[in-house]
Structures are given as C-alpha cells and as structure tokens.
Amino acid sequence: MLKEAISQTQLREWQQEINDISAEFRLTITFNQIDVTAHRLQAICINQNAKERTCQQHQISLLHYMRALNDNARSSQSSTEVYHQLIRDEQGLLLAGLSFSAVNDELDKPELFAPLSAIQIRIADMLSSAIRVYLSSIDFGDQSKVNVCHDVDLQAFIDAFDEHIWIKNVDGIYIACNKSVEQAWRKSKEQIVGKNDHDLFDVRTATSFIEGDELAINTGSTVIVSECEDVDANYNKIWLETIKAPVKDGLGQLSGVLGMTRNIAEHKEAQEQLILASNVFQNAVEGVVITDKDGNITDINQAFTDITGYSRDEVLGQNPNILSSGRHPKSFFERLWNTLLVQGKWHGEIWNRRKYGAIFPQSITISAVFDKQNIIQYYVAVFADISVQKQNEEKLKNLAYFDPLTQLPNRMQFMSLVEQELNHSNRAKKQLAILFLDIDFFKHINDSLGHVIGDEILVELSKRLSYALSDFDVLARLSGDEFVVMLPSIMSTDSVTSSVDKIRSVFERPFILNNAQSVRLTASMGVAIYPSDGDDHDSLLRNADAAMHRAKLDGRNNYAFYTESMTKQAVEQLKLQTALHHALANEDFYLVYQPKLTLKDLSPCGFEALIRWHDPILGDISPAEFIPLAEKIGLIWDIGLWVLKTACLQGVEWLTQGKTFERISVNVASLQMQRNDFVDKVRQVLLETGLPTKHLELEVTESCMMHNPEAIIHDLKLLGAMGIALSIDDFGTGYSSLNYLKRLPIDKLKIDQSFVGDIPHDVNNTAIAKAVIALGHALNLQIIAEGVETEEQAEFLRRNGCDLAQGYLYSRPRLSDALTEFLPLVNGIK
C-alpha cells in the first residue's frame with residue numbers, strides 16, 4: 001500500500017509542509033491514497049484545522065473527477081471547483097490524489113468553494129510536483145526500499161517549475177531562486193543569493209522591485225506587481241506577469257517575500273478575446289440578455305436598454321417575464337420551454353412590453369448554454385425590435401384587404417368578415433342583415449365635376465357613414481359608388497330600419513366642395529336578412545343587391561327589403577319616423593290633463609300632463625306607439641322638454657287667472673334621466689316659465705334605476721331640494737329594488753293600473769295593492785292609484801288607506817279649458 005511505502009519521517013515532513021502552506025495561502029489540502037479496484041480513498045495527510053465536511057467533499061469531488069477522466073479523453077480543471085492533481089506510477093496506475101480548495105469562512109455550506117487565486121493554483125502545482133518526484137523514486141514491489149527516505153528540499157521543489165521563482169528575506173536579500181531565474185537573469189545562483197536588488201540591477205529596476213515587495217508586505221496578501229511585454233529565446237512575443245506574496249513563519253511573523261514571474265501570453269490572448277466579445281456584446285444592434293439556469297437575468301447589453309427602456313441595474317436578478325405583454329397564453333410559453341429544453345434553441349416572434357407600457361413585437365432566438373456534463377448553465381436570448389417590419393406588413397395587408405381610397409374593408413375582407421359572423425350567428429341562432437347601398441346618379445358627379453371631386457365626396461361619405469353606424473357594424477366599399485354594411489346580431493326589423501334611418505340622415509346634409517359649391521346626394525338601399533334571405537355571404541349580398549335595384553325602380557332615394565312583407569312593415573315604420581320628426585319641428589303635439597283627487601273627500605289635488613299627437617295624414621297616434629319610437633330614434637329628449645315647458649306654461653296661466661291647484665305632474669323617461677344636464681334643463685325651464693317649484697311634480701319610472709343608480713339618486717335629491725315633488729310611476733312593474741327605493745328622495749308611489757283593473761275581484765291584485773299601500777306608508781309616502789274606473793275599486797282603495805286616485809271614474813284626460821270644475825279660484829272668488 002502507498003501509505004505503508006512512505007517513510008514516517010517523510011510523512012511528518014509532508015504534514016508540516018501541508019500545514020504551513022495551508023496557513024500561509026489559506027488552503028484546505030487533502031492527500032488521499034487511491035484504491036482503483038475498490039473505488040475507495042484513504043486519507044494520507046490532511047492539513048491542520050481542516051473541517052470534516054470539507055474533507056468529505058474533497059473525496060466526493062475527487063471521485064467525480066476520476067470518473068469524468070474515465071468517461072472523457074480530456075478534462076480540464078475549473079477554478080470554481082475543488083482543484084485536483086493526480087499521481088500515477090510508471091505504468092500509469094493511479095496512486096494518490098491531492099485536492100485543494102480555498103478557505104472561505106463566510107460560506108454557510110462547506111461543500112461550496114470560492115475560486116482559487118492564481119498564486120494558490122501555482123502553489124498547489126508545486127506541492128503536487130514535489131510529492132510526485134518523491135513517489136516516482138519508490139519501488140512499490142521491493143519492500144526493502146519502503147523505509148528509504150528521499151528528502152525533497154526547497155531547491156528541488158522550486159527547480160521543478162518553468163516559472164521564475166525567488167525568495168527574499170525581510171532585509172530584501174535573495175535567499176533562494178530556481179534555475180529559470182538563473183537563465184532569465186543570466187546569473188548563477190551563487191551570483192544572486194546573498195545579494196539585494198541594488199546589487200543586481202540598475203537603480204530604476206531595483207526601486208521598482210523593492211516597491212513591489214513593500215506592496216505585498218503592506219497588503220498582506222498576494223498581489224500582481226507588474227505586467228510587461230517581452231520576447232523569449234526564440235524571439236517570440238510573450239507577456240510576463242510578476243506575482244509577489246508575503247511569507248510568514250509558523251507564528252505568523254513575516255519571514256520574507258516570495259516572487260514568481262510567469263508567461264501569461266495565453267491568458268492575455270484570452271483576455272483580448274473576452275474584450276473583443278464584450279465590445280461586440282455591448283455594441284450589437286440586437287438586444288442581448290443572459291440568464292442563469294433558473295432564468296434570472298445576469299447581464300444585458302446596451303441595445304436591450306435602448307429597445308426596452310430598462311437599465312442594467314433595474315433588471316439584474318429579475319426574471320425576463322417583467323417584459324411580458326400579456327398577449328400570449330400560458331400554452332405558448334409551455335411549448336417554447338419544451339422546445340428549448342429538448343432542442344437547446346427556440347426561434348420565433350414574441351410581443352413584449354417596454355418599461356413605460358408600450359407593446360412591441362420582437363424576433364428572438366433563445367439558446368441554452370451547456371457545460372461538459374451537458375447540464376444547462378446559462379440561457380442567451382438575442383432579439384430585434386420588428387415594429388417597423390410589422391408596420392410594413394400591415395401596409396401590405398391594407399393593400400390586399402382595404403380600399404386604398406376610403407381605407408374601408410374591400411370586397412375580399414368584407415366577405416371574410418361576413419363568413420365569420422355567419423358562423424357565429426348560426427351557433428347563436430341569431431339574425432344578421434346585409435345592407436347594400438348605391439349612390440343615385442353618382443356618374444353625373446364624375447362626369448360634371450371630375451373624378452378627383454368624386455373621390456373627395458366618396459371619402460367624406462365613408463366618414464359620415466362610419467360615424468352613423470355602431471362599433472359592431474361593418475362598413476365596406478365594394479367598388480365605385482357601391483357600399484355595403486353588415487349589421488350583426490339584429491333582434492328584429494326595427495333595429496334594421498333604425499340603422500337605415502341613420503344612414504339616410506347622412507345624406508340630409510350637403511357635401512361642400514373646395515370652391516364652396518355644395519352637392520346633395522341620395523342613395524338607394526337594399527336589405528337581406530340571414531337566414532330567411534340566404535344562408536351564405538354570396539346569396540345574402542346578391543339578394544341585398546336585388547333589393548337595392550327594386551328600391552331604384554320604386555323611384556330611388558328609397559330602400560327595400562328582399563322579403564316583400566318586411567318591406568311594407570319597414571315603409572310604415574319609416575313613415576311614422578318621418579312624421580314624428582315633422583311633428584316635433586311643427587309642434588303638432590298637444591297636452592291633456594287628468595285630474596288627481598283625494599280619496600277621502602274627492603277634493604282635487606293636481607293634474608297629470610299627458611301628450612297627444614294628431615297627424616294630418618296618419619290621424620291620431622297613440623302615445624304607446626310613438627313614445628317607444630321616439631326613444632329608439634333619439635327624439636324623446638326634445639319631446640320631453642317640450643312637454644315639461646308646455647305644462648309649466650299652462651300652470652303659470654292658471655295661476656295668473658287666479659285658479660288654484662297643488663301640482664302638475666310630468667312624466668320623465670328613463671333616457672331623460674340619464675342625461676348629465678337633466679337637472680340644469682329643468683331649472684332652466686322653471687326660470688323661463690316662472691312656475692313656482694311647489695306646483696311641479698315629476699314622475700319617474702323604476703327602470704331609471706337600471707342605469708347608473710347612484711347618479712340618478714344624486715339628481716333626484718337635487719330636484720327635491722329645489723322643492724319639486726317626486727313620485728315613482730308604475731310601481732311594481734319594473735326594477736322594484738327596495739334597496740334603492742328606501743334611498744330615493746320621493747314623495748309618492750303610484751300603483752300601476754294593471755294592479756287596479758281587477759280589484760277587488762282578483763286575489764293577487766288586491767294583495768299587491770294592499771302591500772304597496774302598506775310599504776309606502778311605512779316609508780312615509782303618499783299612495784296614488786291610477787286607472788280607477790269603478791266605485792268598487794275606489795271603495796277598496798279608500799278602505800285600505802290609499803291617499804289619492806285618478807281615472808275615468810272621476811275624469812278622462814281633458815284639454816286645459818275643460819277643467820274648470822277641478823280648478824277652484826283663490827278664496828272662492830269668481
């Protein structure tokens with residue numbers, strides 16, 4: 001065995017030398033015998049104060065190192081691992097191994113080691129060479145030589161190295177040098193030992209060497225004192241690096257300085273390559289980001305900052321997902337990582353987010369960097385901002401799918417969108433409408449004014465049509481003066497005719513040309529409905545075109561449905577819409593008033609103003625028919641203001657005549673309450689007419705609460721603070737939220753006539769009426785019942801505590817001059 005073959009004297013000397021080197025150069029050193037057949041290690045020498053776990057880690061690392069040598073023809077040391085030197089016999093059989101690691105007391109885990117310095121590696125090599133020289137002289141087959149002692153002195157130790165090595169004492173006197181020094185300085189050992197620097201060199205060189213000694217002594221550690229360029233014996237350019245370290249004895253006292261000069265030409269070349277690589281890294285146009293194996297960023301280049309806006313300090317240690325745009329699903333990144341781990345590389349496009357929020361596209365290549373054991377150590381991602389490329393692609397796409405004049409979708413794009421929407425409508429069992437529009441006599445515009453003016457009109461028309469349609473509708477230009485509209489998810493023909501009406505309104509305003517000349521246009525339109533008029537985009541467009549031509553045959557400036565019955569219904573709807581616009585402009589509406597009475601003594605307590613409309617052509621039209629239409633086409637606001645102003649003027653007229661009444665109530669539509677300026681408009685009407693607020697009551701429906709209830713409550717409180725009475729109309733038929741009811745600043749609840757009609761015979765209606773009365777009184781509200789027509793109803797309501805009533809039993813709605821019996825004069829004077 002190796003340990004038995006080494007003399008005890010030599011073992012003691014090695015133990016002392018290992019202890020000294022360990023203390024001097026802060027190394028943990030283990031010397032292990034290797035039993036190759038049993039794959040086992042046995043400690044020969046270990047430095048004093050070495051930790052048990054560190055020694056165990058040395059042996060584990062040495063076994064791994066030996067296994068790596070067996071698996072691979074070549075292997076290299078790493079300064080971040082335990083450093084090993086193996087010793088073999090003349091036949092190449094492994095005998096022993098020396099293991100070295102830097103002492104680092106700050107590390108929590110002894111199996112992790114700090115990198116060895118250059119001087120520590122050189123010292124390890126020198127110690128290993130000295131032991132290797134001794135062991136090579138032992139004949140392990142001849143036991144008679146086992147106890148033969150072969151001393152290895154310091155001179156033999158340093159002569160084993162090509163580097164220049166010398167030692168000075170504390171007085172600067174050279175006490176040792178190796179053969180490399182003799183050759184380099186062209187002086188024999190006898191000429192060097194015992195001399196100082198001034199004895200050997202010129203003043204400038206000697207001073208420089210002495211300053212290097214002082215630097216090492218003052219620093220108390222290994223220092224690089226100089227680097228210089230030189231030539232070797234063959235006149236090859238080399239780089240020399242001089243390292244010095246203070247030498248201390250076993251008591252820690254300074255005993256001299258150790259110096260070593262070595263050729264670092266390969267190191268300098270590698271350094272230059274690193275500098276070149278670093279310059280390329282920092283000056284690359286593409287962004288580069290490097291992460292560790294866990295995905296944490298370890299480095300970026302300047303292009304990364306230029307592209308993303310993040311500085312180096314902001315991203316170091318962060319995960320690249322700080323750039324995530326949120327556009328990609330989780331499955332996208334799962335596929336990316338699977339490809340990267342299996343193939344070692346992934347290339348593609350990713351949408352990321354810049355520091356200040358802007359989303360941008362990038363082309364990126366991510367590569368995994370493996371070590372010699374094929375384990376991933378780093379990831380490198382190289383990416384380029386392709387925003388401009390995407391913009392160019394979008395421009396090409398526009399040329400293919402959009403009309404270059406109006407920027408609307410062209411026929412190809414429109415057909416594609418219709419096909420998608422048809423699939424959706426088929427699954428959702430919904431209807432869809434195609435509206436084909438052709439400008440009447442547009443050829444005359446091109447022939448008389450020129451195609452340039454014609455194009456300007458088409459662009460202006462496309463803008464007007466886009467504004468008139470909703471965000472869900474699709475407008476496209478097919479060719480020339482032909483446009484087409486897709487109306488998705490329509491509920492009925494009413495919604496189609498409403499869109500048609502909006503489109504027709506676009507042509508009401510003239511088109512102003514550059515020379516201030518105005519041109520008026522009209523259009524003919526045809527409508528086809530999915531699925532009744534076709535089940536694919538070709539048939540729908542063809543049938544809508546056919547309907548448009550029928551509209552032209554009917555006199556142009558018109559529209560027609562492909563289905564005749566729908567056309568008739570749409571025509572009637574259009575007539576009513578047109579008449580409603582004229583009625584508002586001509587003030588063809590008028591008001592009637594229905595008295596309200598106190599049930600207790602049937603004394604009058606006010607009136608409800610009700611709108612009526614008589615059209616010269618269509619005749620009397622019920623409010624139940626034209627009020628919903630006014631809400632649908634956006635006229636309810638103007639009509640509502642007209643009713644309010646007219647009722648206030650009537651009240652002022654009655655007061656001027658000396659007549660008395662409590663309040664005139666005016667109905668307010670839900671859409672009116674949703675206007676931000678509703679309260680201001682009411683205040684303005686009261687100021688303009690002069691009606692005192694104590695004579696006005698506003699009736700709102702429960703449906704008002706369905707849209708922004710907090711704002712509605714705020715506005716009602718403002719109205720109540722002005723002295724206006726407030727009541728809930730048709731209570732129980734709409735929203736009916738008791739949570740909001742208790743918060744509303746109202747004065748009255750009105751029982752809807754649908755609950756009054758069958759009283760007292762219908763059990764359910766009587767129960768509801770009683771409940772509403774009880775609820776209202778619990779909230780300190782007056783209760784009024786509408787639609788009272790019989791004495792039985794009135795008696796039931798009176799018996800159950802209802803406060804007020806109105807209905808045909810007392811009076812139908814009348815014109816203002818027919819209400820004398822309900823308008824007593826002040827103090828009874830006539």
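Helices here are DSSP runs of at least four residues, numbered from the N terminus. Keep that in mind as you go through these close-ups of a predicted model.

**View 1. The whole chain, before we zoom in.** The protein chain folds into 29 helices and 30 strands. Of its 830 residues, 44% are buried.

**View 2. A nonpolar patch on the surface around Phe333.** Phenylalanine 333 sits in helix α13, which covers residues 330-343. Together with Trp337, Leu341 and Val342, Phe333 makes a nonpolar patch on the surface. The four share about 390 Å² of accessible area. Phenylalanine 333 has a relative accessibility of 30%, so it counts as partly exposed.

**View 3. Inside the largest nonpolar core.** This core has 78 residues, and Leu580, Leu698 and Leu719 have the most contacts inside it. Helix α22 (residues 636-656) gives the largest share, ten residues. A second, separate core has 41 residues, including Phe100 and Met260. Back to Leu698: what does it touch once residues up to four places away in sequence are set aside? Among its partners are Leu644, Val666, Phe678, Leu719 and Ile724, along with Ser727.

**View 4. Lysine 552 and its two aspartates.** Lysine 552 and aspartate 440 meet through their side chains in a salt bridge, at 2.9 Å from N to O. Lysine 552 belongs to helix α19 and aspartate 440 to the loop between β15 and α16, so the pair ties together parts that are 112 residues apart in sequence. Aspartate 438, in strand β15 (residues 431-439), joins in with a side-chain polar contact to lysine 552 at 2.8 Å. Aspartate 438 is buried too, with a relative accessible area of 9%. Beyond its neighbours within four places in sequence, aspartate 438 is in contact with residues including Asp481, Glu482 and Met548.

**View 5. Aspartate 535 out in a loop.** You'll find aspartate 535 in the loop between β20 (523-530) and α19 (537-553). Its relative accessibility is 57%, which means it counts as exposed. Leaving aside neighbours within four places in sequence, aspartate 535 is in contact with Leu422 and Tyr530. Leucine 422 is 113 residues away along the chain, yet the two C-alpha atoms are separated by 7.9 Å.

View 6. Side chains of opposite charge can pair when their charged atoms come close. The structure holds 29 salt bridges. In one of them, arginine 312 meets aspartate 299 at 3.0 Å, N to O. Arginine 312 is in helix α12 (residues 312-315) and aspartate 299 in strand β11 (residues 297-300), so this pair links parts 13 residues apart in sequence. Arginine 312 is partly exposed at 39%, and aspartate 299 is partly exposed at 21%. Another salt bridge joins aspartate 677 to arginine 675, with the closest N and O atoms 3.3 Å apart. Aspartate 677 is partly exposed at 23%, as is arginine 675 at 33%. Finally, a network of salt bridges links Lys596, Glu608, Glu697, Glu699, Lys748, Lys750 and Glu786.

Key: Residues numbered from 1 in each chain as written. Predicted model: local features only at pLDDT ≥ 70, side-chain atom pairs only at ≥ 80, totals over all residues. Heavy atoms only, no water. Patch = residues over 30% accessible without salt bridge, like charges linked within 9 Å, V, L, I, M, F, W, Y side chains within 5 Å. Areas by Shrake-Rupley, 256 points an atom, 1.4 Å probe, with all protein chains shown as cover. Helix = DSSP H or I, 4+ residues; strand = E, 2+ residues; numbered from the N terminus. Buried < 20%, exposed > 50% of the residue type's maximum accessible area, 1.4 Å probe, protein only. Core = buried A, V, L, I, M, F, W, Y, C linked by side-chain atoms within 4.5 Å. Contact = heavy atoms within 4.5 Å. Polar contact = N/O pair within 3.5 Å; in protein donor to acceptor, adjacent residues only side chain to side chain.
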